[in-house]
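Here are a few friendly notes to read alongside the model. Take them in order, with the viewer open.

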Amino acid sequence: MKVADLFLIPAFKNFEIIAGKTGLNRNINNINMMDAPDIIDFLKSDDLLVTSGYHLRNDPQFFVLLVKNMARLGCSAIGIKTERFLHGIPQEVCELADKLEFPIINIPTEIPLVEVVNETLSLLRDNRLKELKFAIDAHEQFTIHIMNGKGVQKLLENLSNIIQQPLLLLDPYFRPLIPKKLSSENHKIIQSCALIKNDFFLEKSNYTSFSLTDPRCTLTIFPVYTAGNKQCYLIALGEISYFDRLLILTLEQAVNVIAFELMKEDALKQNDRKIKQLFFMNLINNAFSSEKEITHRAKEFHLKTDQKYVCIAGQLDMPDQTSSFIQYQMETNTIYDYMEDEVNSLPFASHFFIEGQQCIILLEIEDSVSHVHEQVSPYLHQLQNKIQHFFNQSISFGLSTICHQLMDVHAIYKEALDALDTGRRIGKTNFIEGYEIKDITDMLRMIPVEDLKAFYKNTLQHLFQYPKDEAETLLHTLFVYLESHGQISETSKKLFVHRNTVIYRLEKCETVFGWDLKDPDTTFRLRLAMRIRPLLNL
């Protein structure tokens, strides 16, 4: 209640405001009655003091000091029976009260101070009960709204209509949750808030209001605490008066309901992530029984089996010894949660996983690897800058080459880790390192699968006219012969057969192919086909 509300109580109709009239909007949360010189030590903010004035008689300087200290503490007002002991208020006290906007109220002599206390406490109690009932009703309405599946967005629309102000809901990193698309002016507002971060909240403050100069506007921000003590933000694009208690209660109850809904959504998200992690683990470890199983499971996560992919492995540069394992893991999880949402805004279809201490990003691409690295690197640099801004941490990335099908993701995953490890081994931090091709297998993996299959089939198709066992025997003999640099004796030793058997099989191969196995072009073509074979899982 306000000081002005005292004059609405019928029993107080003869109350008179002597000084400090401009302070009638001060809040009253408690009333204190005392006639002692050390009263100031027992007062607190929003206290109304009523007194007979006995301890103020014949001491104007003490009266001045009392008014000054009460105003400093944020007390509501002082009510005095001025005709009982004082016979008026000193002029200097009135001038000070007017200057400090601190009300001094004359209480008629015939009204007992006990009655003033009781009536005031009764009004305070009634107001509290009204506020409590209003808060319970508001919370119940918002909860029913959510339980009926209408969601946070619809709740904010209704709340916006109640308070007659637009509302924004931001995540802990000032990214819009609702609405997702913002006007250019609202986007500038969020950017300004992000630069301030959460420094605009005072200690023990439930909300805060402040003004921006660019764009010129006033904001009222309520913190929304969710899982892991993360702090989202509900922003009203306008000022919410501190004195409008019912409106503030409405917003506070809405914040509580929104917090629970966001925690529920986060729990569901964590569960989905665990399922996704398990799929990725099986994929990179070749744990699936067949290509058909991979195709079936991949559809659940919107992964295409015949798509080109690039893999990015990221890891924080935090030295392990600076924090405990639990602290390190919590910080890592928090940053990777942030990164997952950021990755979804990339101009590439992307898939985010976490494996141990690394985060893994699979990008669906259509271009060559050099162009992809040129396109991806600026976005990774932006991500590094944001992580530095919000978390004061640096992160490094390793980029793989291209694979042409989902079945080969395990290979580019290893390449990305190898590139990341290369940069870390030489002591680099906050880097983006591309994988360097080390052998012919890496080069072959960059060729489309259909082209590899065509080359393999055209090279060895004549062998397939034989029964499968015989064709495998000839193919294996040919492979060992080529790997032994064309040495018959060495080949026979490795195969544990007579050298004449080797010669017979090789002559048969020459007859089938119509090629001379001593010709360099022929041996190169055959060796290349042999290298392609394991890539095709044949």
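1. Let's begin with the overall layout. The protein splits into four stretches: domain 1 (3-111), domain 2 (138-264), domain 3 (288-436) and domain 4 (446-536). Please keep in mind that this is a predicted model. Between the centres of domain 2 and domain 4, taken over C-alpha atoms, the separation is 70 Å.

2. Next, the sheet. Five strands form an open sheet with mixed pairing, in the order β1-β5-β4-β3-β2. Because β1 (16-19) and β2 (30-33) each have a single partner strand, they stand at the edges, and one side of each is left without a neighbour in the sheet. On average, and with direction ignored, neighbouring strands here are turned by 25° against each other.

3. Strands β4 (residues 77-80) and β5 (residues 104-106) run parallel and are joined by three bridges. Within this pairing, isoleucine 78 stands opposite isoleucine 104 in β5.

4. Now for the helices on this sheet. Helix α1 (residues 60-73) lies across β3 (47-51), β4 and β5, and runs at about 145° to β4. Helix α3 (residues 91-100) also packs on the sheet, where it touches β1 and β5. The direction of α3 makes about 95° with that of β1.

5. Finally, a word on an annotation. An unreviewed UniProt entry places "domain: PucR C-terminal helix-turn-helix" on residues 474-532. In the model, the chain over residues 474-532 is 78% helix and 0% strand. The end C-alpha atoms of that stretch are 17 Å apart.

Conventions
Residues numbered from 1 in each chain as written. Predicted model: local features only at pLDDT ≥ 70, side-chain atom pairs only at ≥ 80, totals over all residues. Heavy atoms only, no water. UniProt positions renumbered as here; feature names shortened; annotations may be inferred. Helix = DSSP H or I, 4+ residues; strand = E, 2+ residues; numbered from the N terminus. Pairing = 2+ DSSP bridges. Axes fitted to C-alpha atoms, helices over the stretch in contact; angles between N-to-C directions. Contact = heavy atoms within 4.5 Å. Domains from an automatic or database assignment.
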